[in-house]
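Hi everyone, thanks for coming.

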Amino acid sequence: AVVSTQSTWVMCDETKNIVSHGFEYCYNWREVMELVLAAIEKAGNDNTADIEEAAEDALKEWLTTFQGWGLLSSITPAVSIRHIVLSLAYTSQNWDEETGGEYSEEKVFDTVKHVYDNIEGKEIKNMLPKFGYLVVGVL
């Protein structure tokens, strides 16, 4: 699914539907918007292409973190991430505090991510769906 945001509305595969409604009204976009604002500052100019590139790079990096996993797993086809989801469930269920320290969901995610990021072709960044970021107006 291609998800796009524009001001206060969200579209999924270029239409409004139950999925887009959920993203529009139920998802907290604060972290994403903070990334975009930081990208504007990082670009260091008002060139729209530079801002879009910085925003896209920041979003791609963030989506592969524990904080971004919820959104990534929501916009990625289940078949593409099922091995990650199963690995997360297995690792969570079998967490060993002696070797991994005190249990936390973030530690489980980081452990699974570390494994996949060290298997050529299985890196989590390779699961990112194709997306673009369009800046319509920056004041």
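Before I go on, some housekeeping. This is a predicted model, where local features need pLDDT of at least 70 and side-chain atom pairs count only at pLDDT 80 or more, while totals for chains, interfaces and linings use all residues. Residues are numbered from 1 along each chain as its sequence is written, and side-chain values use heavy atoms, with hydrogens and water left out.

Back to α5. Which of its residues are buried? They are Ile 81, Ile 84, Ser 87, Leu 88 and Thr 91. Buried means under 20% relative accessible area, exposed means over 50%, and partly exposed is in between, with a 1.4 Å probe and protein chains only. Now look at Ile 84 again: α5, residues 78–93, bends there by about 25°. That bend is the angle between two axes, one fitted to the seven residues ending at the residue and one to the seven starting there.

Next stop, Glu 52. You'll find Glu 52 in helix α3, residues 48–63. Is Glu 52 buried or exposed? Buried, with a relative accessible area of 19%. The C-alpha atoms of Glu 52 and Ala 39 are 8.1 Å apart, and these two sit 13 residues apart along the chain.

Last topic: charges. Side chains of opposite charge can pair when their charged atoms come close. We call it a salt bridge when a side-chain nitrogen of Lys or Arg is within 4 Å of a carboxyl oxygen of Asp or Glu. How many salt bridges does that rule give? Three.

In helix α2, residues 30–43, Glu 34 and Arg 30 are four residues apart, so about one helical turn separates them. Their closest N and O atoms are 2.9 Å apart. Glu 34 is partly exposed at 40%, and Arg 30 is exposed at 58%.

Lys 60 is partly exposed, at 32%.

Finally, Asp 117 and Lys 113 meet at 2.6 Å, N to O. They are four residues apart in α7, so again about one helical turn. Asp 117 is partly exposed, at 27%.

That's my tour, thanks!

Methods. Helix = DSSP H or I, 4+ residues; strand = E, 2+ residues; numbered from the N terminus.
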